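Please keep the viewer open as you read.

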Amino acid sequence: MSFAEILGQEPAIKLLKNSLERGKVAHAYLFYGIEGIGKKKTARALARALNCLSPQGVEACGGECRSCLKMESGAHPDLIVIKPSGAFIRIEQIRSLQRQLRYKPLEGRYRIVIITNADLLNKESANCLLKTLEEPPDASIIILMATDINELLPTIVSRCQAVPFRPLSPEVISEYLSSHGDNRFPPAQAALLASLSGGSLGKAVRLADSPLMEMRRDVCTRLISLSRQDMQGLLFLAEDLAGRKEELPEIIAMLSTCLRDSLFLRQGLDERHLINKDLREALSEGARRWTEKEIIHGLELLHSAEQAVTRNYNRQLLLENLFLQLAH
């Protein structure tokens, strides 16, 4: 993995390359942005560049030296990766890290620590990590990755070099899907996946092999045809979706994109900006049935529901209430 392989993150890569060129690498970095846009790949590329035995300028050698080969396989003794244990990163994991950082690197110039999902540090582990960031060990570099920087302690953020990662453009994602990998997608399918991805290449790839794509078509069509006269249909739809616990937040997010597209059509905006381009007919029906005020209220209801389903609410009751309000 090299910096040249990172898509669409030129400002972040330029910042890191400048640090390497000047020999002023920060003791801690915070990579933040939505999932699936290259944070993890960039962390790996930086780790390889820092410990490469035959660097090409600021880039690693491309997997030819012993250090890069070990980094690629995850077997390098100076690469430490910390992931959540269950729902959180726990204090025992950070204490174990602190014990490891007491010693000098075994093979490389630096000991590299990559903490994924750093916004899942609980209160105790966050305060424990803060002590390490306040007194950084020699020859150690810590890279935190987070989706939401606001979920981290401000004192942790202030002790890291913050590096923002931006959502990728639909054009970048579409071009990648249609020209890379063993399963290349036809341009129309690649464009649809890119449109639905929200700027995340990882999400676009995941959707390509997911039943969510067909479910999106079915659920969005049923949403637009919801009627107060069809109470049985409303209850059946709520029961069906309530059983899909893992997929439910994404399903509700997809419903939001359908209402958003109907609003665009209602307002006569450029259809090139539609997300669900393959559902043009159903979206037009929504644009005819609802006023702008009704669509905006529907979007607010869906936003509230998307937040609620991540908590321990009764999913079926929540969905029944949602669909009754939407039908109204």
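## Ground rules

This is a predicted model, in which local features need pLDDT of at least 70 and side-chain atom pairs count only at pLDDT 80 or more, while totals for chains, interfaces and linings use all residues. Residues are numbered from 1 along each chain as its sequence is written, and side-chain values use heavy atoms, with hydrogens and water left out.

## The chain as a whole

Let us begin with the overall picture. The protein chain has 15 helices and five strands; these are DSSP runs numbered from the N terminus, with H or I and at least four residues for helices, and E and at least two for strands. Along the principal axes, the C-alpha atoms fill a box of roughly 70 × 45 × 30 Å. The chain has 328 residues, and 46% of them count as buried. Here buried means under 20% relative accessible area, exposed means over 50%, and partly exposed is in between (1.4 Å probe, protein chains only).

For contacts, the criterion is heavy atoms within 4.5 Å. Among the contacts with a separation of 6 or more, 72% are between residues 24 or more positions apart. The chain exposes about 17,100 Å², and carbon and sulfur atoms supply 50% of that area; accessible areas come from the Shrake-Rupley method with a 1.4 Å probe, and for residues only the protein chains shown count as cover. As for charge, there are 42 positive and 40 negative charges, and their mean positions are 6 Å apart. Lys and Arg count as positive and Asp and Glu as negative, while His and the chain ends are not counted. Each charge is placed at NZ of Lys, CZ of Arg, CG of Asp or CD of Glu.

## Aromatic rings

A pair of aromatic rings is described by the distance of the centres and the angle of the planes. Rings of Phe, Tyr and Trp (its six-membered ring) pair if their centres lie within 6.5 Å; planes under 30 degrees apart count as stacked, over 60 as edge-to-face and the rest as tilted. How many aromatic pairs does this rule give? The count is two. In one of them, Tyr 29 and Phe 31 have ring centres 6.2 Å apart and planes at 50°, so the pair is tilted. Both Tyr 29 and Phe 31 are buried.

Phe 31 also pairs with Phe 165, again in a tilted arrangement, with 5.1 Å centre to centre and 45° between the planes. This pair links distant parts of the chain: Phe 31 is in strand β1 (residues 28-32), whereas Phe 165, 134 residues apart from it, is in the loop between β5 (161-164) and α7 (170-179). Phe 31 and Phe 165 are both buried. Tyr 29, Phe 31 and Phe 165 together form one aromatic cluster.

Arg 260 lies over the face of Phe 264, at 3.9 Å from the ring centre. The rule asks for NZ of Lys or CZ of Arg within 6 Å of the ring centre and within 35 degrees of the ring normal.

Two backbone spots may interest you. Asn 117 is not a glycine, yet has a positive phi of about 50°. Asn 117 is in the loop between β3 (111-115) and α5 (123-134), and counts as partly exposed because its relative accessibility is 27%.

Ala 139, likewise a residue other than glycine, has a positive phi near 55°. Ala 139 lies in the loop between α5 and β4 (140-146) and, with a relative accessible area of 31%, is partly exposed.

## Helix residues, inside and out

Is Asn 51 buried or exposed? With a relative accessible area of 2%, Asn 51 is buried. Asn 51 is in helix α2 (residues 39-51), and, not counting residues up to four places away in sequence, its contacts include Ser 67, His 76, Asp 78 and Arg 109. Ser 174, in helix α7, is buried at 15% relative accessible area. Leaving aside neighbours within four places in sequence, Ser 174 touches Pro 187, Ala 190, Ala 191 and Ala 194.

On the exposed side, Arg 288 belongs to helix α13 (residues 280-289) and has 57% relative accessibility, so it counts as exposed. Ser 73, in helix α3 (residues 66-73), is exposed with a relative accessible area of 54%.
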